[in-house]
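Q: I would like to learn how to read a model with its ligands and metal ions. Please take me through it one feature at a time.

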Amino acid sequence: EAKKSGRHRYCWFHEALANATTERRNIELRIREALEADEFALHYQPVCDAESGRIIGAEALIRLKDRGGQAIPPALFIPIAEQGGLIEPIGEWVIHTGLKQLAHWREQGHTDLQLAINISGTQFASGRFVEHLESWIEESGVPGSALELELTEGVLMADVEKAQSILSRIGALGVRLAVDDFGTGYSSLAYLKHLPIHRLKIDRSFVDGLPSHPGDTAITRSILQLAKTFLLEVTAEGVETQDQLEFLRRAGCNAIQGFLQSQPRPAAEFSALLERRHLP
Ligand code: C2E
Ligand code: MG
Ligand code: MG
Ligand code: MG
């Protein structure tokens, strides 16, 4: 009986693994296809001043659909792209497209808009990243200071010395740096002392429990205190309710990003939001 169920389990496991492998392969194929046919899209989510609701920035978030038109979440396909050696062309497309859009918004008068772009570990560590970044910025004509790169703690901690040298070269371009998903990666905070960082992004998992969960309120307050000490700005991610917004405002958080204000939207829809300038 035990043998039977063991074998059954083995079969089930084997099948699940095979399916996972097939899915990965399909996604990788879809990524290659989308790169060739220029079928990726960028959506933009507003980042708002916590006090006034004014739109101060946008985070660019990549979008990809499968052949049936279903969205493939970036959390699923980005790691596959990294492992398949495809993250560099994707990253290049994202920065290129984002900067072109930012230049367009600036021409329309939105010159203080900050654009945030996510950078994956492999992309960050690839030898030519800073060099490429410099030429893309130059080509776009926007000042480096209008661009903010989002990196996770894991990426920064993988090799602190290397990160330090890359970050200082990025800093020399005027580009700003944000730690994404702050608080979910490593317990060591020592890197904050050594790295030229401008902003912490409080992870959605902590914002979720505001204002009532004691653990989440304590963690959020600690992050805000830490940011104050290190003179960093803070964005809270994943703000969905008015109560969360009120808590964050009162706790001294500068910037808010979440579905309460807006989902990530295509550029044209983001432009319409920009004309209103303020969100609730
Ligand atoms: P992230 O950088 O932490 O981005 C925030 C994610 O939270 C986005 O998911 C966004 O749609 C979602 N979000 C924002 N507000 C809310 C909210 O109020 N409630 C909820 N439930 N979710 C909210 P998305 O677009 O699926 O992206 C997931 C992750 O994929 C990103 O996390 C980022 O790590 C990665 N990613 C997205 N675009 C890119 C890209 O262009 N390059 C790279 N390397 N990674 C990317
Ligand atoms: Mg991000
Ligand atoms: Mg995040
Ligand atoms: Mg995230």
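Q: Which N or O atom contact does an oxygen atom of ligand 1 make with the side chain of Arg204, and at what distance?

A: First, the ground rules. This is a predicted model, in which local features need pLDDT of at least 70 and side-chain atom pairs count only at pLDDT 80 or more, while totals for chains, interfaces and linings use all residues. Residues are numbered from 1 along each chain as its sequence is written, chains are lettered from A and ligands numbered from 1 in the order in which they are written, and side-chain values use heavy atoms, with hydrogens and water left out. As for the contact, an oxygen atom of ligand 1 lies 3.0 Å from an N or O atom in the side chain of Arg204. Another contact, at 3.1 Å, runs from an oxygen atom of the ligand to an N or O atom in the side chain of Asp181. A nitrogen atom of ligand 1 is 3.1 Å from a polar backbone atom of Ile62.

Q: How much of ligand 1 does the protein bury?

A: Accessible areas come from the Shrake-Rupley method with a 1.4 Å probe; for residues, only the protein chains shown count as cover. Ligand 1 taken alone exposes 800 Å², and the protein buries 82% of that. Around ligand 1 there are 22 residues, the closest being Arg63, Asn118, Asp180, Glu240 and Phe259.

Q: Which residue bridges the magnesium ion (ligand 2) and the magnesium ion (ligand 3)?

A: Asp180 bridges the two ions, which lie 4.1 Å apart. The protein donors of the magnesium ion (ligand 3) are Asp180 (OD), Asp181 (OD), Glu237 (OE) and Glu237 (OE), 2.1 to 2.3 Å from the ion. In sequence these donor residues are spaced D-D-x55-E. Asp181 counts as partly exposed at 25% relative accessibility, and Glu237 as buried at 11%.

Q: Which side chains does Arg176 meet in polar contacts?

A: A polar contact is a pair of N or O atoms within 3.5 Å; within protein, one must be able to donate a hydrogen and the other to accept it, and residues adjacent in sequence count only if both atoms are side-chain atoms. The side chain of Arg176 has such a contact of 3.4 Å with that of Glu148 and one of 3.1 Å with that of Glu233. Arg176 is found in strand E6 and counts as buried at 16% relative accessibility.

Conventions
Donors = N, O, S within 2.8 Å, 3.2 Å for Na, K, Ca; no water. Buried < 20%, exposed > 50% of the residue type's maximum accessible area, 1.4 Å probe, protein only. Helix = DSSP H or I, 4+ residues; strand = E, 2+ residues; numbered from the N terminus. Near = heavy atom within 4 Å.
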